[in-house]
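Visitor: I would like to go through this protein with you, one piece at a time. Could you show me the sequence and the structure to begin?

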Amino acid sequence: MIGAREKRTEDLRLTTGEGTYVDDIQLPGMLHLDLVRSTVANARILEVDTSGALDVPGAVAAYTARDLHGLVPAVPGPAGMPGMEPRLVGHHVLADEHVRFVGEAVAAVVAADRYAARDARDAIFVDYEGLPAIADLERALEPDAPLVHPELGSNLCFELTLGNETEAALAESDVVVQQRMVNQRVIPNPMETRGLVVDYRKSDGRITLWTSTQAPHLIRSQLAEVLGLPEHMLRVIAPEVGGAFGCKNALYPEEMLAVALARQLRRPVKWVEERQEHMLATTHGRGQVTDVTLGARSDGTLRALHLRIRTDLGAHPHGTSLLAPLQTAALMTGCYRIPHARADIQGVYTNTTSTEAYRGFGRSEAAYYIERAMDLLARRLDLDPIELRRRNFVRPDEFPYAVPTYHVFDSGNYELCLDRALEKLDLGALRDQQERLRADGRYLGIGFATYAYRASISSLPRPPGDTLYLRGMWEYASVRADPMGGITLLTGTSCHGQGLETSLAQIAADALGIGVEGVTVLHRDTDVVPYGQGTMGSRSLAIGGSAVLLACKELREQAIRLAAHRFGVEVDAVRYGAGRAFAADAPDEGLTLAQLSDISFWPLDLPDGMSPRLEGSATFAPPNFTTPFGTHVCVVEVDPQTGEIEILRYVAVDDCGRAVNPMIIEGQIHGGIAQGLGQALLERVVYDEEGQPLSASFLSYATPKADDMPNIETELTETPSAMNPLGARGIGESGTCGAAPAIVNAVVDALAPLGVEHLDMPLLPEKLWRVLQKEGGAG
């Protein structure tokens with residue numbers, strides 16, 4: 001079953017309305033929560049008058065920050081790493097005395113229905129004393145910039161350097177290219193916004209929280225810690241989750257608030273985020289400005305790479321906010337041998353929404369910087385960009401390969417993906433066509449991106465020692481057979497659209513020699529699955545799937561032991577295959593898994609020490625990250641009259657290690673490319689000088705539509721990873737890592753005759769039109 005193109009078993013449920021999302025949940029006596037959010041980016045709160053809210057029919061209660069003192073603790077701070085020493089300022093679920101970004105919650109209401117809650121919210125009066133705001137990342141570092149947190153004395157949250165010496169190596173390089181690059185803010189915008197329902201059981205105070213999250217067990221642990229509750233008094237369920245892309249990883253203030261109010265009011269509480277609210281209050285992605293300096297010898301041999309990364313944290317760092325630039329630094333050398341690499345990182349406060357994980361978290365940024373820099377260097381050296389890459393690839397026999405910024409690439413074959421991509425193209429014919437079109441005043445461009453990123457998040461060694469700053473990123477699975485041989489699989493990963501129910505069932509079916517239809521996958525409920533880490537960082541299949549494989553092996557060993565007992569032979573004399581156990585000297589006779597399972601439920605004749613029922617459980621923690629890699633190629637034509645970009649071809653050759661379900665993998669690649677294309681061509685968060693968001697609805701924030709997407713030509717290569725027994729690498733973020741640099745490289749290549757060397761994303765038609773109108777196209 002591994003490698004089979006099985007249709008997703010969950011799709012019928014999801015496409016016929018049988019799935020249950022948070023907003024589908026209705027409980028008796030349920031109240032609806034709504035929030036008053038700040039309309040200014042930086043201000044003192046002079047007054048919050050909730051009296052009008054309580055006059056609204058159906059309104060039950062209204063709250064300000066003062067009303068919650070002693071009821072809801074401070075919001076937990078972000079994760080960091082030893083040596084980072086961030087300067088943090090605590091904040092609460094409702095702003096008390098000061099607001100620091102548009103969208104920060106100021107007051108809360110609960111009412112009998114959503115409409116009454118909305119009316120009550122609108123009846124609350126808030127008086128602000130406006131203060132100067134700062135929304136520009138680079139401007140925030142200037143000495144006279146307005147301060148997000150005046151008590152800190154500056155807008156610098158932390159500074160950190162990773163890597164080795166680069167100054168001398170750059171000075172000794174024959175050629176040095178430098179470029180400021182912007183990785184603009186984007187909004188995750190999953191199809192389903194955040195939402196939650198809290199049920200408080202009066203008899204014993206136990207709480208059930210349904211929440212649209214990627215990691216129900218982590219939410220349970222975080223909630224229990226901040227609210228001072230034992231974990232067994234909290235049940236967290238992630239029902240169907242309509243997308244997440246990283247923005248539903250961590251605990252949010254709304255979950256803390258809703259649980260506290262349900263406990264106080266002793267009634268269920270529901271909150272579902274509106275789309276505009278999502279664009280203001282849910283974490284954004286990316287948000288870096290980086291100065292890239294790359295040095296090489298005259299023959300193209302890379303010598304040194306230096307990044308100066310400024311990362312926008314927003315007003316209140318959240319979850320893993322601080323770790324994004326560390327991911328970028330760790331992967332800054334990409335697929336290449338660069339002996340000297342250094343990243344100087346600054347985390348910066350602004351009066352904006354917090355940034356956090358978004359598909360490709362920190363790693364897409366790294367791929368973009370190095371792949372753009374490689375094209376800049378190739379142009380400077382007058383060298384074919386493909387040849388430049390080939391000369392500097394880390395070779396298969398050089399793995400595991402340690403880079404100066406404290407990461408070890410486990411394995412890879414980067415040239416394989418490049419060669420396969422070139423086989424799909426007639427590059428010589430494309431270059432000839434490009435020259436002919438240029439002679440006619442038309443602009444065709446070909447862009448390449450060869451990426452490598454780290455997936456299957458594991459415990460990270462703190463440089464330069466071995467102290468761990470991220471612990472426990474293992475995964476849990478168990479399998480048990482019922483009397484008729486059906487398999488129930490429990491997994492600690494949590495699906496939100498990746499087809500994991502199908503892929504994990506395929507792994508179990510393959511290991512046990514049965515059909516996928518005989519496997520039922522249970523997940524996302526902390527009362528059903530004892531523990532798990534959820535799904536993030538392309539880890540679910542490589543780590544979660546490996547745990548499933550190990551659990552199935554344990555069950556299979558029990559079945560073999562039981563069969564040996566029934567056959568009256570030694571365990572070593574029994575073989576297992578195609579869903580049955582048989583003695584090696586009698587392969588035509590045997591017992592099926594269903595028969596053995598039925599026998600196991602009758603404990604009158606079991607081997608000594610064997611418990612009734614066939615089952616296995618396992619946890620798996622990888623020794624290191626895995627390395628998905630690949631080559632993406634984009635061919636574009638830029639309209640000289642309008643600046644419109646047409647993608648003529650898009651080729652993606654990706655290596656995810658062992659491919660469990662190629663059809664699902666291709667879907668993951670398509671989705672990642674769509675988001676990478678969105679950042680390259682369409683998406684951007686815009687704030688004005690006063691910190692007002694100008695892109696807080698789909699009227700002003702563009703996302704890819706069906707007709708924006710090209711036909712995507714995909715191919716998979718399989719280079720198994722030794723980091724897990726399954727041999728998988730991960731695939732979820734490959735598309736975002738490859739798409740943006742491939743598309744931008746193609747557009748810059750198209751405009752090369754005009755002297756264009758770099759353009760920052762997004763490549764809007766207006767931006768290209770202005771370039772095309774300039775004399776000579778320069779600038």
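Visitor: Where is Val106 placed?

Guide: Please keep in mind that this is a predicted model. Val106 belongs to strand β5, which covers residues 105–111.

Visitor: Is Val106 buried or exposed?

Guide: Val106 has a relative accessible area of 1%. Buried means under 20%, so Val106 counts as buried.

Visitor: And which residues does Val106 touch, leaving aside residues up to four places away in sequence?

Guide: Its contacts include Val36, Arg37, Ser38, Ile45 and Val48. Thr64, Ala65, Leu94, Ala95, Val99, Val126 and Tyr128 are also among them. As for Ile45, it is 61 residues from Val106 along the chain, and their C-alpha atoms are separated by 8.9 Å.

Visitor: You mentioned Ser38. Where is Ser38 found?

Guide: Ser38 sits in the loop between β1 (31–37) and β2 (43–49). Its relative accessibility is 3%, so Ser38 counts as buried. With residues up to four places away in sequence left out, Ser38 touches Val99, Phe101, Val102, Gly103, Glu104, Val106 and Tyr128.

Visitor: Let us change topic. How many residues are in the largest nonpolar core?

Guide: That core has 123 residues. The members that touch the most other members are Leu294, Leu377, Tyr414, Phe448, Val638, Tyr650 and Leu751.

Visitor: Which helix gives the most to this core?

Guide: Helix α9, residues 363–381, gives the most, with 11 residues.

Visitor: Why would nonpolar side chains be together like that?

Guide: In soluble globular proteins, nonpolar side chains tend to be buried together.

Visitor: What does Val638 touch, not counting residues up to four places away in sequence?

Guide: Val638 touches Tyr443, Gly643, Glu644, Ile645, Val747, Ala750, Leu751, Leu768 and Leu772.

Visitor: Now the helices. At roughly what angle do the axes of α13 and α14 cross?

Guide: The axes of α13 (residues 500–512) and α14 (residues 540–567) cross at roughly 30 degrees and come within 9 Å. Angles under 35 degrees count as roughly parallel, and α13 and α14 are therefore roughly parallel to each other. Their crossing is right-handed.

Visitor: Which residues meet there, between α13 and α14?

Guide: On the α13 side, Leu500, Ser503, Leu504, Ile507, Ala508, Ala511 and Leu512 take part. In α14, their partners are Ser540, Leu541, Gly544, Gly545, Val548, Leu549, Cys552, Leu555 and Arg556. By class, this contact of α13 with α14 has 11 nonpolar, 4 polar and 1 charged residues.

Visitor: What about α5 and α6: how are their axes arranged?

Guide: The axes of α5 (residues 216–227) and α6 (residues 253–265) come within 11 Å and cross at roughly 60 degrees. The two helices α5 and α6 are therefore oblique to each other. The crossing of α5 and α6 is right-handed.

Visitor: Which residues of α5 and α6 meet?

Guide: Ile219, Leu223, Val226 and Leu227 in α5 meet Glu255, Met256, Val259 and Arg263 in α6. This contact of α5 with α6 divides into 6 nonpolar, no polar and 2 charged residues.

Visitor: One last item. How far apart in space are Arg201 and Leu388?

Guide: They are 64 Å apart, C-alpha to C-alpha, and 187 residues apart in sequence. Arg201 is in the loop between β9 (195–200) and β10 (207–211). With a relative accessible area of 42%, Arg201 is partly exposed.

Note on methods:
Residues numbered from 1 in each chain as written. Predicted model: local features only at pLDDT ≥ 70, side-chain atom pairs only at ≥ 80, totals over all residues. Heavy atoms only, no water. Core = buried A, V, L, I, M, F, W, Y, C linked by side-chain atoms within 4.5 Å. Buried < 20%, exposed > 50% of the residue type's maximum accessible area, 1.4 Å probe, protein only. Helix = DSSP H or I, 4+ residues; strand = E, 2+ residues; numbered from the N terminus. Contact = heavy atoms within 4.5 Å. Axes fitted to C-alpha atoms, helices over the stretch in contact; angles between N-to-C directions. Parallel < 35°, antiparallel > 145°, perpendicular 65-115°, else oblique. Left-handed = near helix turned anticlockwise from the far one by under 90°. Nonpolar A, V, L, I, M, F, W, Y, C, P; charged D, E, K, R; others polar.
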